[in-house]
Amino acid sequence: MRDLKLPEQRHPEKAHRPDNAQPKKPSWIRVKAPVGEGYKQTHRIMREHKLTTVCEEAGCPNVGECWSQGHATMMIMGEVCTRACTFCNIATGKPPEDLDVFEPGRVADAVKKLGLNHVVVTSVDRDDIEDGGAEHFAQTIRAIRRQSPGTTIEILTPDFIRCDPRVLEVVVAAKPDVFNHNLETVPGLYPEVRPGARYFHSLRLLQRVKELDPSMFTKSGIMVGLGEDRQAVHAVMDDMRAADIDFLTIGQYLQPTPKHHAVDRFVTPDEFKAYEKAAYGKGFLMVSATPLTRSSYHAGDDFARLRDARLKKLGQG
């Protein structure tokens, strides 16, 4: 029985890798430890409903802030991922269990108890399942809609690269308000950083979402500090706009353990501001580019601004 709290059992494929130095974080990266009643209440609800969160599994630096406000990003389909991306802290290997048919209902119960106006639902990759978990995503969206009809729903999905292309239609038909799939990095770093994925497949996935439902917001994000250069980041922005992606997130890569991909450098706040300005200039409706930006960080507030930006654009059209 694996103990997923132990790094060598959490990431067995990385155990043989040489250690990478973990540089000291600059002042703009440091965050406060999670405390407070709001944090404790969110933690209790997650445990009572036997739910996994990406906040915990990925070691998100913003967990204290988000959970104190009752915002937790649900991670469905288990806690073991079939991919082995070199940046990610989620446990890897063969998932020990089938999908839990009761999980969508538990997620919906937790969303209602937390009183969320906006919820983000993500997942591990499940390449062991024929549809990659597409129907499970759809069931989770429908369950939340039934219990909390006023809650807006954002999903962050796998790439479904080994599935019939039609499985994407199942997820889109369930009508999430935001469809997010992260490109994660620039194409030149994919073989090293995201070896199980393909850059242009992920880009095409997001483009197809818009083709299936032009009214659906699409979102994607990348990390910086992995070894990319500014020109490559701008090229990714251009590719995203060509795929009609509405919302871009850019955040600093933080190395989970010495066995993970090394931090090439810490990108300065001024550089993030320059990326944000450039992205808005390329036509994104919404951009979040800060060192601590993560896919679901301030997602509810950002969704409200995204919706307002579309209305403003339509009013000008």
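This is a predicted model: local features need pLDDT of at least 70, side-chain atom pairs count only at pLDDT 80 or more; totals for chains, interfaces and linings use all residues.
**Exercise 1. Which residues does C88 touch, leaving out those up to four places away in sequence?**

- Step 1: Setting aside residues up to four places away in sequence, C88 touches H11, K14, P256 and H260.
- Step 2: Now place C88 in the fold: C88 sits in the loop between β3 and β4.
- Step 3: C85 is also found in the loop between β3 (80–81) and β4 (91–92). With residues up to four places away again left out, C85 touches K14, V193, R194 and P195.
- Step 4: Check the record. An unreviewed UniProt entry carries the annotation "binding site", which covers C81, C85 and C88.

**Exercise 2. Is C85 buried or exposed?**

Solution. 
- Step 1: Buried means under 20% relative accessible area.
- Step 2: C85 has 15% relative accessibility, so C85 counts as buried.

**Exercise 3. Find the buried side of helix α10 and say what covers it.**

Solution. 
- Step 1: Locate the helix. α10 spans residues 230–242, 13 residues in total, and reaches 19 Å from first C-alpha to last, close to the expected 18 Å.
- Step 2: Pick out its buried residues: V233, V236, M237, M240 and R241. They cover an arc of only 135° around the axis, so they lie on the same side of α10.
- Step 3: Turn to the face pointing away from that side, where the exposed residues Q231 and A242 are carried.
- Step 4: Look for the cover. The buried residues of α10 are covered by elements including α9 (199–212), β8 (217–224), β9 (247–252) and α11 (269–282).

**Exercise 4. Which residues have the most contacts inside the largest nonpolar core?**

Solution. 
- Step 1: Start from a general idea: in soluble globular proteins, nonpolar side chains tend to be buried together.
- Step 2: Here the largest nonpolar core has 72 residues, and F179, M237, M240 and I250 have the most contacts inside it. Helix α6 (residues 134–147) gives the most to this core, with six residues.
- Step 3: Zoom in on I250. Beyond its neighbours within four places in sequence, I250 is in contact with residues including I222, V233, M237 and F272.
- Step 4: Look for another core. A second, separate core has seven residues, among them V178, F247, F303 and L306.

Definitions and conventions:
Residues are numbered from 1 along each chain as its sequence is written. Side-chain values use heavy atoms; hydrogens and water are left out. Helices (H or I, at least four residues) and strands (E, at least two) are DSSP runs, numbered from the N terminus. The expected span of a helix is 1.5 Å times one less than its number of residues. Buried means under 20% relative accessible area, exposed over 50%, partly exposed in between (1.4 Å probe, protein chains only). The arc is that of the directions from the helix axis to the C-beta atoms. Contact means heavy atoms within 4.5 Å. UniProt positions are given in the numbering used here, feature names are shortened, and annotations may be inferred rather than shown by experiment. A nonpolar core is a set of buried Ala, Val, Leu, Ile, Met, Phe, Trp, Tyr and Cys residues joined through side-chain atoms within 4.5 Å.
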